[in-house]
Amino acid sequence: MICRICDSTKLEPVVNLGEQPWCNNFLKKEDVGKEPFYPLRVLFCHDCHTSQLDSTVKKEIMFGDHTYLSGTTKSLSEHFRNIANEVDAKFFANTRQKSVLDIGSNDGTQLKHFQALGYEVLGVESSKTTARIANDAGVPTLHAFFNQKTMSDIGKKFDIFNASGVFFHLEELHSVCEAIKQGLKQDGVFVVQFLYMKSIMENLAFDQIYHEHLLYYSLETIEVLLNRHGFSMFDAYLASIHGGSIIGYITHKGNREPSEQLLAMREDERVSGCNTIEAYREFDLRIQRMRQENLVYLNDAKAAGKRVFGFGAPVKGNTMLNYFGVGPDLIECLVEKNELRRGLYSPGMHIPLLIEDEVTELPDIYYVLAWNFKKEILANNQGLIDKGVEFYFPVNPKVSA
Ligand SMILES: [Zn+2]
């Protein structure tokens, strides 16, 4: 195994979450127990400091037809609108004809906000179902994996590239970077949104580790990748989405100087020590402790005769459930909004999913797997809280949507 970013062979295992199923593989009843398992292990690169998985589930399996829809979450859609408004106001307010390409455009939620600002938009989405949903909603979307071949086929240049929550999925990382370089206008801006490893550590949000996330970036480590392909980041900030994500602005090398804000964040990151092997070793110990504490909590609830339902069935929840070994004996069901998941079971632990309209009884405890929407969830469920339902957050993010 060589480092996915810098090709070094100096990789050391730091977090081992055991054998896990692909976490987006929610199962039909007849498929329960037949799902394959893969190692879920994080390695640390001693040369470039990027943490990464050592096993790759084929992208055709993971992204050929997944059921995640970004449009189902209100705060995510608002976040995407803010991004579009901000990028436009900062860089393209005076540009007449402007265009944007979104990599991994999902159901078109991000691009709709650009359309509203007068942009010519193009989505590239690998999931057939979500690409169709986007096209039906009037967002031109190519059903394909984004790489150099796809970019050549598209055959034009764009003012903006957006890659939100996909830049750590990509198996063809270097090809994708080259394709962006090829398709981004000389004065164009590439907006990258990624989970911030520093926040993952601070929040102890180890459930963000799953097979779709091949890489875990900090500013330091993503800049290694970008520099390698002739890009440089010139501004960035931390957004509350997913418990702490970086929104980074990137352009061709030599175009712009780094902002004061970016310089301050780099310094903050250096001081935190999050890019060191010691930080990863401590992270690993804290994860193991968290497992013990959560098992005590759930077993005590069971012993006291309390009914526990999961709140949300995010893919990351499966990392946690599988690593903790929590099944239907401790959490009866996972309550979910996404209609595409009706009647399905969670991979690995086989907890049944219930769509909100199927829930007829109240639990004593909602165990919140979708913890990154803590604020939204608490605000929307005040009625249940008043009735005495406890909302337990296994992860308590410093910032939340
Ligand atoms: Zn490396």
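In strand β11, I250 is the bridge partner of F190. The model described here is predicted, so local features are reported only at pLDDT of at least 70 and side-chain atom pairs only at pLDDT 80 or more, while totals for chains, interfaces and linings use all residues. Residues are numbered from 1 along each chain as its sequence is written, and side-chain values use heavy atoms, with hydrogens and water left out.

Helices (H or I, at least four residues) and strands (E, at least two) are DSSP runs numbered from the N terminus, and two strands are said to pair if DSSP finds at least two bridges between them. Strand β8 (residues 184-195) pairs with β11 in the antiparallel sense over six bridges. Strand β10 (residues 231-239) also pairs with β11 in the antiparallel sense, here over eight bridges, and F231 stands opposite H252 in β11. Five residues lie between the strands in the hairpin of β10 and β11, where H242 takes a positive phi near 60°. Strand β11 (residues 245-252) is largely enclosed by the rest of the structure, because eight of its eight residues are buried; buried means under 20% relative accessible area, exposed over 50%, and partly exposed in between (1.4 Å probe, protein chains only).

Next comes the zinc ion, which is coordinated at 2.3 Å by the SG atoms of C3, C6, C45 and C48. Donors are N, O and S atoms within 2.8 Å of the metal (3.2 Å for Na, K and Ca), and since water is not among the atoms, sites may look incomplete. The site is tetrahedral, with angles of 103 to 113° among its four donor atoms; four donors count as tetrahedral if all angles lie between 85 and 135 degrees. Along the chain, the donors follow the spacing C-x2-C-x38-C-x2-C. Because C3 lies in the segment before β1 (11-21) and C45 in strand β2 (residues 37-45), the pair ties together parts that are 42 residues apart in sequence. C3 counts as buried at 1% relative accessibility, and C45 counts as buried at 0%.

Two helices can be taken together. In helix α4 (residues 128-136), the buried residues are T129, T130, A131 and A134, and what covers them includes β5 (120-125) and β6 (141-143). G138 follows α4 and has a positive phi, near 85°. Helix α3 (residues 109-115) holds H113, which is buried with a relative accessible area of 15%. Apart from its neighbours within four places in sequence, H113 is in contact (heavy atoms within 4.5 Å) with S77, F80, R81 and A84.

Finally, an open sheet of five strands shows parallel pairing in the order β14-β13-β12-β15-β16. Its edge strands, β14 (353-355) and β16 (390-392), each pair on one side only. Neighbouring strands of this sheet are turned by 30° against each other on average, direction ignored. Helix α10 (residues 277-303) packs on the sheet and touches β12, β15 (365-368) and β16, its direction making about 160° with that of β15. For such angles, axes are lines fitted to C-alpha atoms, for helices over the stretch in contact, and the values run from 0 to 180 degrees between N-to-C directions. Within the sheet, strand β12 (residues 308-311) and strand β13 (residues 334-336) run parallel and are joined by two bridges, with L334 in β13 as the bridge partner of G310.

Terms used. Four donors count as tetrahedral if all angles lie between 85 and 135 degrees; four count as square planar and six as octahedral if opposite donors are over 155 degrees apart and all others between 65 and 115; anything else is irregular.
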